[in-house]
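I set out each item as I looked it up.

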Amino acid sequence: MTFDLTILAPHIPFLMKGAVLTAEACVLALAGSLCIGTVVAALVTSASPLLSRIAYVYVDLFRNIPFIVQLFFFFYGLPEIGIYIDAFTTGVIALSIAGGAFTSDVIRSGILSIDPGILEAAEVSGLSKPTIFRKIVMPIALRTSVRPLGSVFINLILTSSILSTITLNELTGSAKIVASDTFRPFEIYAVLLVAYACLTYLVSLGIGALHRYLNRDQTEAA
């Protein structure tokens, strides 16, 4: 059998639609996981033992359950108790919650790496704890956590391919449909491999550029 990419030509619009759906789901899930991760990291490092324990339970729970099980629970399990959510929204919610558990660990490490002297100086200057956290702790923590957060986000993008299992025709789901229509899975999935590789590479470049921008003052000082 010869390798023939021309068979893809009639299906490019359909595949592009799936790619756009993947991009939309990933952008929303990245934003969601960052928001959830930030809140959970704040709770984990808080002075309240109760809030810290609740946050730890959330992190341990969603880090140790396979994503596909979480996804199936939200999409197939919740309707059994009267909660109906469309596939796209379910995918974004599941990715956000799962990604938030890993994101919180990264941000927590960033918070714990902050020099205590900086926080003491902020307290002495009369700043309130919420202000210190918002204007000092989080900016420093996020700046030092950019690269590891990038790895979490890339993994989230790759994990989004599992959304095809709940009838969502994102990039992988669209490729499966085209492969079954054309009976040429080799060409279809070869293109899919390249597409995901290019997507994650572009994200890696973006994360690297963001890291350099946020740490430009340290580079200039060196």
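Entry 1. Terms for helix packing.
For the packing entries I take each axis as a line fitted to C-alpha atoms, for helices over the stretch in contact, and I read angles from 0 to 180 degrees between N-to-C directions. I also note that the model is a predicted one.

Entry 2. H1 against H4.
I looked up how H1 and H4 pack and found an angle of about 40°, with the axes 5 Å apart. Angles under 35 degrees count as roughly parallel and those from 65 to 115 as roughly perpendicular, so I record H1 as oblique to H4. The crossing in which H1 passes H4 is right-handed.

Entry 3. Overall fold.
I turned next to the chain as a whole. The protein chain contains 10 helices and 0 strands. Reading along the sequence, I wrote its pattern down as α-α-α-α-α-α-α-α-α-α. For the extent of the C-alpha trace along its principal axes I noted about 70 × 50 × 25 Å.

Entry 4. H1 against H2.
I asked at what angle H1 and H2 pack. The angle is about 135°, and the axes lie 7 Å apart. The crossing of H1 and H2 is left-handed. On the H1 side I listed Ile36, Val40, Leu43 and Val44, which meet Leu51, Ser52, Ala55, Tyr56, Tyr58 and Val59 of H2. By class, I counted 9 nonpolar residues and 1 polar residue in this contact, with no charged residues.

Entry 5. H8 against H9.
For H8 and H9 I found a packing angle of about 160° and an axis separation of 8 Å. This makes H8 roughly antiparallel to H9. Their crossing is right-handed. From H8, I recorded Leu171, Thr172, Ala175, Lys176, Val178, Ala179 and Thr182 as meeting Pro185, Ile188, Tyr189, Leu192, Ala195 and Tyr196 of H9. The contact of H8 with H9 divides by class into 10 nonpolar, 2 polar and 1 charged residues.

Entry 6. Largest pocket.
I then searched for open space. The largest pocket has a volume of about 430 Å³. I found 14 residues in its lining, with Thr45, Leu119, Lys129, Phe133 and Val137 nearest the centre. Which elements give two or more residues to this lining? They are helix H4 (87-112), helix H5 (116-124) and helix H6 (129-144). H6 supplies the largest share, namely 5 residues. By class, I noted 10 nonpolar, 2 polar and 2 charged residues in the lining of the largest pocket.

Entry 7. Second largest pocket.
The second largest pocket holds about 310 Å³ of space. It is lined by 14 residues, and I listed Leu15, Met16, Ala19, Leu171 and Ala195 as the closest to its centre. At least two lining residues each come from helix H1 (12-44), helix H8 (171-182) and helix H9 (185-214). I assigned the largest share of this lining, 6 residues, to H1. Its class count is 13 nonpolar and 1 polar, with no charged residues.

Entry 8. Cross-reference between entries.
I looked back at the contact of H8 with H9 with this second pocket in mind. Leu171 in H8 and Ala195 in H9 belong to that contact, and I had also listed Leu171 and Ala195 among the residues closest to the centre of the second largest pocket.

Notes: Residues numbered from 1 in each chain as written. Predicted model: local features only at pLDDT ≥ 70, side-chain atom pairs only at ≥ 80, totals over all residues. Heavy atoms only, no water. 1 Å grid on protein atoms, 1.4 Å probe; cavity = no way out; pocket = protein on both sides within 12 Å on 5 of 7 lines; lining within 4 Å. Points joined across faces, edges and corners; volume = space filled by probe spheres on them. Helix = DSSP H or I, 4+ residues; strand = E, 2+ residues; numbered from the N terminus. Nonpolar A, V, L, I, M, F, W, Y, C, P; charged D, E, K, R; others polar. Parallel < 35°, antiparallel > 145°, perpendicular 65-115°, else oblique. Left-handed = near helix turned anticlockwise from the far one by under 90°. Contact = heavy atoms within 4.5 Å.
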